[in-house]
Amino acid sequence: MDVTLRPRQDTDLVDLLRIWRAAVEATHLFLTHADIDGFSGLVADYLPRMNDLRVAVDAANGPLGFIAQVDGKIEMLFVDPAAHGRGIGTLLLEDVGRDFATLRLDVNEQNPTARRFYAAKGFVQVGRSPLDHQGLPFPLLHLERRKPLSP
C-alpha cells in the first residue's frame, strides 16, 4: 500500500463523509443510527471549513482516512474501517504531531477502541466532561500528549 498525505481537496468531501460514517458505525457502538444521521449534517458543514484537514490517500484506492486540527487540537481523526490496523491513523497523527509540541483531543468515553489507540500513542487523560460538544450525554475524555524536551 502506497499511502501519501495531502491537504483536503474540494472533491474529497463525499469520500471523507463516507469514511467518517463507516468509521463511526464501526467504532461508536453507543450511538444509534438516528444519532449518526444527526451528526452527519454537522460533519458535512464542518469539514469544508477546516483550514488544516489532511487526507491519507492510497494511489490505488483513493482516500483512506483524514485528520483535522486547529492549533494542535485534533478535531477529527477517522480511518476507513477497511484500512484499520494498517498504520493510517498513526501516520496522520504523527504528521500533525511534528508541527506541535503538545497535541490535545477529546475522545468519547464510550469508545474503547479509540481510547486504546490514543493511549498507545502516548496520550494521557487530563480531564472529563459528562456531555459532548452538543450537550448530549456522551461523556468526553480530554487527552493530551506532550513531546519530550530535547536535551
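Predicted model: local features only at pLDDT ≥ 70, side-chain atom pairs only at ≥ 80, totals over all residues.
Figure 1. Is Arg 146 buried or exposed? Arg 146 is exposed, at a relative accessible area of 58%.

**Figure 2. Helix 1 crossing helix 2.** Here we look at two helices, helix 1 (residues 13-27) and helix 2 (residues 33-46). Two packed helices are described by the angle between their axes and the distance between the axes. For this pair, the axes come within 11 Å and cross at roughly 150°. Angles over 145 degrees count as roughly antiparallel, and therefore helix 1 and helix 2 are roughly antiparallel to each other. The crossing of helix 1 past helix 2 is right-handed.

**Figure 3. Who touches whom between helix 1 and helix 2.** Which residues of helix 1 take part in this contact? They are Leu 13, Leu 17, Trp 20, Arg 21, Val 24 and Glu 25. On the helix 2 side, you'll find His 33, Ile 36, Asp 37, Phe 39, Ser 40, Val 43 and Ala 44. Sort the residues of this contact by type and you get eight nonpolar, two polar and three charged.

**Figure 4. Arg 21 and Asp 37, a salt bridge between two helices.** Let's zoom in on one pair from that contact. The side chains of Arg 21 and Asp 37 meet in a salt bridge, at 2.4 Å from N to O. This pair ties together distant parts of the chain, as Arg 21 sits in helix 1 and Asp 37 in helix 2, 16 residues apart. Arg 21 is partly exposed, with a relative accessible area of 24%. Asp 37 is partly exposed too, at 45%.

**Figure 5. Glu 109 and Arg 128, a salt bridge between a loop and a strand.** The side chains of Glu 109 and Arg 128 meet in a salt bridge, at 2.8 Å from N to O. Where do these two residues sit? Glu 109 is in the loop between strand 5 (102-108) and helix 4 (112-120), while Arg 128 belongs to strand 6 (residues 124-129). The two are 19 residues apart, and the pair links distant parts of the chain. Glu 109 is partly exposed, at 25% relative accessibility, and Arg 128 is partly exposed at 44%.

**Figure 6. A salt-bridge network.** Salt bridges can also be joined up, as this view shows: Asp 52, Arg 54, Asp 95, Arg 98 and Asp 99 are linked in a network of them. How many salt bridges are counted in the model? The count comes to 14.

Figure 7. Ala 83 is found in the loop between strand 4 (73-79) and helix 3 (88-97). Leaving aside its neighbours within four places in sequence, Ala 83 is in contact with Leu 64 and Ile 88. Ala 83 and Leu 64 are 19 residues apart in sequence, and their C-alpha atoms are 6.7 Å apart in space.

Methods:
Residues numbered from 1 in each chain as written. Heavy atoms only, no water. Axes fitted to C-alpha atoms, helices over the stretch in contact; angles between N-to-C directions. Helix = DSSP H or I, 4+ residues; strand = E, 2+ residues; numbered from the N terminus. Parallel < 35°, antiparallel > 145°, perpendicular 65-115°, else oblique. Left-handed = near helix turned anticlockwise from the far one by under 90°. Contact = heavy atoms within 4.5 Å. Nonpolar A, V, L, I, M, F, W, Y, C, P; charged D, E, K, R; others polar. Salt bridge = Lys/Arg side-chain N within 4 Å of Asp/Glu carboxyl O. Buried < 20%, exposed > 50% of the residue type's maximum accessible area, 1.4 Å probe, protein only.
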